[in-house]
Amino acid sequence: MTREGARRGADRPRTSLRSRVTRWLVVYAALLSLAVFVHGQIVNSRAEDLTWQSLLQSELEHFIQRGDEDPNYHWTDTDTVQLYGDDDHSPIPAHYAAFGPGIHDGVRVGDQDKVILVREVRGRKLVLALDITELQQHEDNVGLWMLGSNVLAIVLLGLLVGWGLGRVLRPLTALSNRIRKLTPEQPGQQIEIDPQASSEQAVITESLNDYIRRNEEFVEREKQFINSVSHELRTPVAVIAGAADLASTPGASEKMVQHQLSRIREIAASVEELISILLVLAKSADRLEKTSELISLTELVQASAHDHGYLCDDRVLVIELTGSAQPVILAPAAVVNVVVGNLIRNAIENSDKGTIRIEVSEDAQVVIDDPGHGMTPEEISALYARMVKGEARDGQGIGLELIARLCGHLDWRLSFESKPDGKGTRATVDMSSSLKGV
């Protein structure tokens, strides 16, 4: 369909569902009544033919039998029954002469309706006529009453159906009014289910509420994505610009240029990692599921610890992996690597000497104990507040706030606690929701 055709279709006046259903039910009832009426007329006509045939043949047989028994017997006409052709005194009228043997109904004679039986008896043509004018008038009246009652029944049916559909569709009309009152800028909106709504209308309402919820989640992800991009990318871009300016300063030494280029490469790698996180946060759960794969969590943690080992070169630090669990999870490998890698990097940056112990449990929990100065309850509360609000940090790299949002998006749980001796912090990320088979 062309755009012009679609526009014309949209501009065309639309009839309501109530009008359409009422109209088709009335048409159906009219056709059904017409079929019943016609069928009744056919049955009535056939019944009349059989009745007249039985009655007139019985009368004529009686006359013939009496004539055979008594040669002097003569037929006596009545007001409703006349016999013609039995003798010279009752010749067959001209208006009956053209009829052949058999029953003939609906013969109009003047203002009277007749039914006649024509029969050849001993070479003589006999015509027995029955006046059915009064009966025909009564039958016509009955037919008119039946037709009128059918019309009245159809009208009443249309009114009743229209009234009933109005009551049935009233919850649907109320639903459309509630939908019309929804405002895009107001979050958390839901459409209430009318107590009088049918099960189909309840399903429609629940589906609309589910769509509203998913749409709000999509909009919220878009807002968070935009906020995260504006907050998290501003600092590294500024750092890259500053390093590029320093490297291009006239008279800068080769050592300084190489240092700034190395810094740019590090920041670029961090930005690439940050973009991966932001893209994950912008995806819905079903889209993330399509990019998931089976991962040996222990092997990934070992590889990440090895990749970050160079950060310990200037410190008296050792990274040690404990435990023998080998859990397998279903998740995006890049996301798992970002989460684990940033927690390891955070543990290294907050420690000067000692051992960083990492343990992976069978229920896919990664526990990282660092020997740093630890965190007070107030500091931990402040960290959780920033994680909940998703506030941006000053400085380079990826903050724990963004990592926390990433974990929440994947239904993982990230927690921090100060070690009992006050020396060091324990970070735990629970990925049990991504265990294979869960």
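**Entry 1: A364**

I looked up A364 and found it buried, with a relative accessible area of 0%. Buried means under 20% relative accessible area, exposed over 50%, and partly exposed in between, with a 1.4 Å probe and protein chains only. I am working with a predicted model, in which local features need pLDDT of at least 70, side-chain atom pairs count only at pLDDT 80 or more, and totals for chains, interfaces and linings use all residues. Residues are numbered from 1 along each chain as its sequence is written, and side-chain values use heavy atoms, with hydrogens and water left out.

A364 sits in the loop between strand 8 (353-360) and strand 9 (365-369). Helices (H or I, at least four residues) and strands (E, at least two) are DSSP runs, numbered from the N terminus. I noted the backbone angle too: phi of A364 is positive, near 60°, and the residue is not glycine.

**Entry 2: D411 and helix 12**

I then went to D411, which also has a positive phi, near 65°, without being glycine. I found D411 in the loop between helix 12 (400-409) and strand 10 (413-418). Is D411 buried or exposed? D411 counts as exposed, at 54% relative accessibility.

Helix 12 comes before D411 in the chain. Eight of the ten residues of helix 12 are buried, so this helix is largely enclosed by the rest of the structure. I wrote down the buried ones: L400, E401, L402, I403, A404, R405, L406 and C407.

**Entry 3: the whole protein**

I stepped back to the totals. The protein has twelve helices and eleven strands. It has 438 residues, and 33% of them count as buried. Taking contacts (heavy atoms within 4.5 Å) between residues at least 6 apart in sequence, I read that 64% join residues at least 24 apart.

**Entry 4: helix 4**

How far apart are the end C-alpha atoms of helix 4? They are 67 Å apart, and this agrees with the 70 Å that the 48 residues (133-180) should span at 1.5 Å a residue. The expected span is 1.5 Å times one less than the number of residues.

I also found a kink of about 45° at L169 in helix 4, shortly before the proline P171. The bend at a residue is the angle between axes fitted to the seven residues ending there and the seven starting there. Both L169 and P171 are among the buried residues of helix 4. Others on that list include T133, G143, I154, G158, V161 and L175.

L156 is in helix 4 as well. I recorded L156 as partly exposed, with a relative accessible area of 47%. L156 and V26 are 130 residues apart along the chain, and their C-alpha atoms are separated by 9.6 Å.

G143 gave a second pair. Which residue lies 102 residues from G143 in sequence and 8.5 Å from it in space, C-alpha to C-alpha? It is Q41, and Q41 is in helix 2 (residues 17-69). I noted Q41 as partly exposed, at a relative accessible area of 33%.

**Entry 5: helix 9**

T298 counts as buried, at 7% relative accessibility. Leaving out residues up to four places away in sequence, T298 touches A325, Q326, P327 and V360.

A305 belongs to helix 9 too. A305 counts as buried at 7% relative accessibility. What does A305 contact, beyond neighbours within four places in sequence? I listed I319, L321, I344 and I358. A305 and I319 are 14 residues apart along the chain, with their C-alpha atoms separated by 7.1 Å.

**Entry 6: cavities**

On a 1 Å grid over the protein atoms alone, a cavity is a set of points where a 1.4 Å probe fits but cannot get out, and lining residues have an atom within 4 Å of a point. Points are joined across faces, edges and corners, and the volume is the space filled by probe spheres set on them.

The second largest cavity holds about 40 Å³. Its lining consists of L343, N346, A347, I368, D370, F416, T425, R426 and A427. Helix 10 (333-349) and strand 11 (425-430) are the elements that give two or more residues to this lining. I sorted the lining residues into five nonpolar, two polar and two charged. Here Ala, Val, Leu, Ile, Met, Phe, Trp, Tyr, Cys and Pro count as nonpolar, Asp, Glu, Lys and Arg as charged, and the others, Gly among them, as polar.

Technical notes
On a 1 Å grid over the protein atoms alone, a cavity is a set of points where a 1.4 Å probe fits but cannot get out, and a pocket is an open set with protein on both sides within 12 Å along at least five of seven lines; lining residues have an atom within 4 Å of a point.
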